[in-house]
Amino acid sequence: MKHRLMIILCTGLTIAGLWGITSLAHSLKAQAHQEKDNASPADTSVSAGDISVTDSSEITAALADIPVSSGDMPLADVSLSEGDAASAEVSVSMGDAFPSGDGTLLNGGIQAFLDNGDPTAALSPKTLAILETALTEEAQEQAGEYADLAIANVSSYVNVRSLPSTEGQIVGKIYPGAVAQVLDTAGEGEEWFQIISGNVEGYIKAEYFLYGEAAADAIDEYVTRYAVVIADRLNVRKEPDINSSRIGYIDSGERAQLLENLGEWLKVQYTENKTGYVAAEYVTLAEEFVYAKTLEEEAAELAARRALEARAAVSESQAAENTAITVTPPSGNYSTNEELRSSIVDYAMQFLGNVYIHGGKTLAGGTDCSGFTSLIYAEYGYSLSRTPGGQLSSNGRSISYSEAQPGDIICYGKNGKCTHVALYIGDGQIIHSANPRKGVVIYKADYDTIIGVKNVID
């Protein structure tokens, strides 16, 4: 913290500004001595350890133009003001500088910094508190969107409870790899996490989660891939062959978990106990995180699985395969890529201010960074990876930042690992689902280290 304050002071307080304060202080002291005999004690007082000036407007004006900032750090609006100098009356005293030595002028604390290299000596307690708060907020911002991310590390499932106790009511179940956002900790020793995952909110033992950096490093491994049917009706076959027997069918918009991509055929988990194959040309691939399930959601999924199993008894003559492809077109007709890009940006801007939710499924309800970009592109018929790393490695073509156009995806990270993505909107700006504290916001595109730019459209 001390080194960070040193940087802030050296950046924000220019040498010219420092000597300006010094000169002003000496002038005020001289003026105070000259007017001492003509002024009443209530107006001006001068002592060995204190100079007080009732009319502080000159000092306030002089100090207001000297910001304590660090470029793009969240301190740009923090400046030395009348309140920092001495509240209603400007009091230049030892308490505002450092607690030792004889009386000092207004620049005493700053001079102590120049002489001793002590950044705290150059600030009043109020300004120091402001800087410490800002640095804490910056550290939280740098922690990124994965700071509160947790991934269920269980072998089967664990109950989510209404209270941080095994006596709490069961409100849902969390399965292996389910993504959750940690809202708080609870219980003796804080051994319980209060989490939200999908539509489930409750408590679960912290020991069942990968958390923080461990979760961020493993997130790409916990995405589930699906084959989503775009034909009206598609057969699921026992083997990857058009002449293989049918074990069931999937209707338009339904999906099955992808187990293996064989090129022209995809192996899928058809029901809980059956795997099969579907023709790749009649599906699109999608990625999602796993979430905790409410008891009602689990019951609905069980009913859907039973319905799929029942289809095995339906003959192909009763429910014939129909490979006519049904695609939901974009909301408008775009004669040029520029028009399409403009529409994508306009669509994304509708969600400005929405909440951030780890693994969130919808733009309206809230999602995370890669969910934001993938769900926006899905509205225009594009299938993107559900993770930042997947979007960098697998989607679109790589271009330089200087070539970026509205609608392109900006990828951020370090050491070659992509940890965040955003949608470029032009003029050096992005819109993105930043983190749980900020939600969907507009930032400068170069606010963090750019490790790639992906052109998905052309």
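# Burial and ring pairs in a predicted model

Tyrosine 347 and phenylalanine 351 are both buried. The model is predicted.

Me: What geometry does the aromatic pair of tyrosine 347 and phenylalanine 351 have, stacked or edge-to-face?
Reply: The ring centres of tyrosine 347 and phenylalanine 351 lie 5.2 Å apart. Planes over 60 degrees apart count as edge-to-face. Here the angle between the planes is 80°, making the pair edge-to-face.

Me: Which residues do ring pairs link into a cluster with Tyr347?
Reply: Tyr347 pairs with Phe351. Ring pairs extend this to a cluster, where Tyr347 is joined by Tyr334, Phe351 and Tyr380.

Me: Is tyrosine 447 buried or partly exposed?
Reply: Its ring partner is tyrosine 443, with centres 4.9 Å apart. Tyrosine 443 is buried, at 15% relative accessibility. Buried means under 20%. Tyrosine 447 has a relative accessible area of 33%, so it is partly exposed.

Me: Why is helix H10 largely enclosed by the rest of the structure?
Reply: H10 spans residues 369-378. Its buried residues pack against several elements, including helix H9 and strand E22.

Me: Which residue has a backbone nitrogen within 2.9 Å of a side-chain oxygen of aspartate 368?
Reply: This contact is at the start of H10.

Me: How far is the backbone nitrogen of lysine 238 from a polar atom of the side chain of serine 244?
Reply: Serine 244 sits in the loop between strands E12 and E13. Serine 244 touches Lys238, among others. The distance between the two atoms is 3.5 Å.

Conventions:
Residues are numbered from 1 along each chain as its sequence is written. This is a predicted model: local features need pLDDT of at least 70, side-chain atom pairs count only at pLDDT 80 or more; totals for chains, interfaces and linings use all residues. Side-chain values use heavy atoms; hydrogens and water are left out. Buried means under 20% relative accessible area, exposed over 50%, partly exposed in between (1.4 Å probe, protein chains only). Helices (H or I, at least four residues) and strands (E, at least two) are DSSP runs, numbered from the N terminus. Contact means heavy atoms within 4.5 Å. A polar contact is a pair of N or O atoms within 3.5 Å; within protein, one must be able to donate a hydrogen and the other to accept it, and residues adjacent in sequence count only if both atoms are side-chain atoms. Rings of Phe, Tyr and Trp (its six-membered ring) pair if their centres lie within 6.5 Å; planes under 30 degrees apart count as stacked, over 60 as edge-to-face and the rest as tilted. Lists of a residue's contacts leave out its neighbours within four places in sequence.
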